Amino acid sequence: MPRRRFALPRLGGLLRCLLLLLPLAGCANVLRQDAPPAEATVGLPVLGVPNARFWPDGPPDALRREADLMLARQGAGTGRALPPAHFLALSGGGDNGAYGAGLLAGWTATGTRPRFDVVTGISAGALIAPFAFLGPDYDPALREVFTQQAPPDLILLRRIPFAVLFNDSLADTSPLTRLIQRHADAAMLAAIAREYARGRLLLIGTTNLDLQRPVVWNIGAIAASGHPDALALFQKILLASASIPGAFPPVLVDVEHDGRGFQEMHVDGGAATQVFFYPPSLTLRGAAGQPPRQRTIWVIRNGRIDIEAASVNRGLFSIARRSIATLLHFSGVGDISRIYLTAQRDEVGFRLSFIGSNFAAERREPFDQRFMQALFDYAEAKARSGTAWVDVPPVVGTLAATADRPAAR
C-alpha cells in the first residue's frame, strides 16, 4: 500500500471521512486468531511466567505477593532499616512525553535524582519508563528518542479512505517499532533483569481490548525468565502501551490455553488509565518487624493541568472533538487525585510535576520535532531551577504562569 510522509489532515475532515465510511468498514476484516476464553484469560501465564502481569482492577493478591518479594530482595525482615523508597509514575501524553524526558535530564543535573524502587509507565510514559528505571546513564538515549525524531521516524499515515476500508488503523507504526527495537534491546532487558533481582520493579500498562480491562506487565519478571521470546514480548508491550486505538495498529500477544494458540489484542494503556501506581485495594505496609520506612511517589504528568478556553463552533465534529479532549483531560486529572488520596491514606509522600501554563511553544503537527525540543528544554530548565514539583494536585482551572513554584516544604 502506498505511503507518504506524515501529515495529518484537519481532524474535522478526518472525522467526516470516518463516519461516511463506517458502513463500508464492516466489510473489511484484518485477520487474527481468536481471543482466549474470557474466563480463562486472567489466569493465563504468558511465556509460562506466572507473575508476568497483573490485573489492577481485580483482587490485589498477586500484586501483594510481588510487593512482598520485592521487599524480601531488598533485605526486609533482617531487622535493619531500609533506605527511603522512591516510586515514579509516568503518564501518557503523546509528543508531550518530551516533558518527562527533559524533566529527568534536568533532575539528573541537580544531583538529587533518586534511584526508583518502582517505575510505572503508560503510553508515552511507557517509552520513558525503561530509561528512567535504569538511571542517568540512559539519559542520552532518552534525549535522542524524544528530541531527535522527525514525524516520519515514528509513524506513517495511511491514505484515506484505504486506511478505513482495509486496515485496522489510520497510521503505520513500523518506524516506531524499529525505534523501540533499537533501544529496547537484549542489553537493556538484561539490565532490567539484574535490577529486578535487587528488588526493583518496572511496570508497564496496556489495555486488553477484548476484555476491556487494564493490564500491568511485570517487565523485570519477564526479563528474568530467560525465555527466548522475552525480548520480543518486552518490545510488544512498549509498542502496545503507546498504540492509540484506531490511530495506531493494536498489538497481538500470543497465548496458549488447553493446548491451543490464541491472541489477545492490546492497545494504549491510556484507554483505561492515564497514569497509575498501585490500586487503592492494595494497602502498602512494611514487613513484620521492619522499622518504619520513608516513601515518596513522584508523578510526572506529560500534559497540562489547566484548561485552555476556546470558543467551540456549533457543529457535530467540533463538539465531538472538544468533548473527547475534555474527557481525556479529566480522566488524567482523576487518576492523579486517586494516586494522591491513596498515598495520603498509606502515609506516602506525594510529588507532582506537570506542564505549566507558562509553556507556549507552537505545535505545528503531531510529533513536531521543534515543539518536542522546546518542551524538553523547558522541562530540563524547570528541574534545574527547583520549580518542578508540587505537593498537592492543583485546582483545575486556568492557571497563572506563577504556577511553577518550588513545592512547600
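Which residues in α5 meet which residues in α9? The legends below start there.

**Overview: the whole chain.** This is a predicted model, where local features need pLDDT of at least 70, side-chain atom pairs count only at pLDDT 80 or more, and totals for chains, interfaces and linings use all residues. Residues are numbered from 1 along each chain as its sequence is written, and side-chain values use heavy atoms, with hydrogens and water left out. The chain's secondary structure comes to 13 helices and eleven strands; these are DSSP runs numbered from the N terminus, with helices being H or I of at least four residues and strands being E of at least two. Of the 409 residues, 53% are buried (under 20% relative accessible area, using a 1.4 Å probe and protein chains only; exposed is over 50%, and partly exposed is in between). Take the contacts with a separation of 6 or more: 78% of them come from residues 24 or more positions apart (contact means heavy atoms within 4.5 Å).

**Close-up 1: helix α5 against helix α9.** On the α5 side (residues 124–134), Pro130, Phe131, Phe133 and Leu134 meet Met188, Ala191, Ile192 and Glu195 of α9. By class, that contact has seven nonpolar, no polar and one charged residues (Ala, Val, Leu, Ile, Met, Phe, Trp, Tyr, Cys and Pro count as nonpolar, Asp, Glu, Lys and Arg as charged, and the others, Gly among them, as polar). Helix α9 spans residues 186–197, and the two helices pack at about 60° with their axes 10 Å apart. That makes α5 oblique to α9 (under 35 degrees is roughly parallel, over 145 roughly antiparallel, 65 to 115 roughly perpendicular, and the rest oblique). Axes here are lines fitted to C-alpha atoms, for helices over the stretch in contact, with angles from 0 to 180 degrees between N-to-C directions.

**Close-up 2: His183.** Look for His183 in helix α8 (residues 174–183). His183 is buried, at 15% relative accessible area. Setting aside neighbours within four places in sequence, His183 is in contact with Phe131, Ala141, Glu144, Val145 and Met188. Two of these names come back from the previous view: Phe131 sits in α5 and Met188 in α9.

**Close-up 3: strand β7 and its partners.** Five of the six residues of β7 (residues 213–218) are buried, so the strand is largely enclosed by the rest of the structure. Strand β1 (residues 53–54) pairs antiparallel with β7 over two bridges (pairing needs at least two DSSP bridges), and Phe54 stands opposite Val216. Strand β6 (residues 201–208) also runs antiparallel to β7, joined by six bridges, with Asn208 partnered by Arg213. β6 and β7 form a hairpin with four residues between them, and Gln212 in the turn has a positive phi of about 55°.
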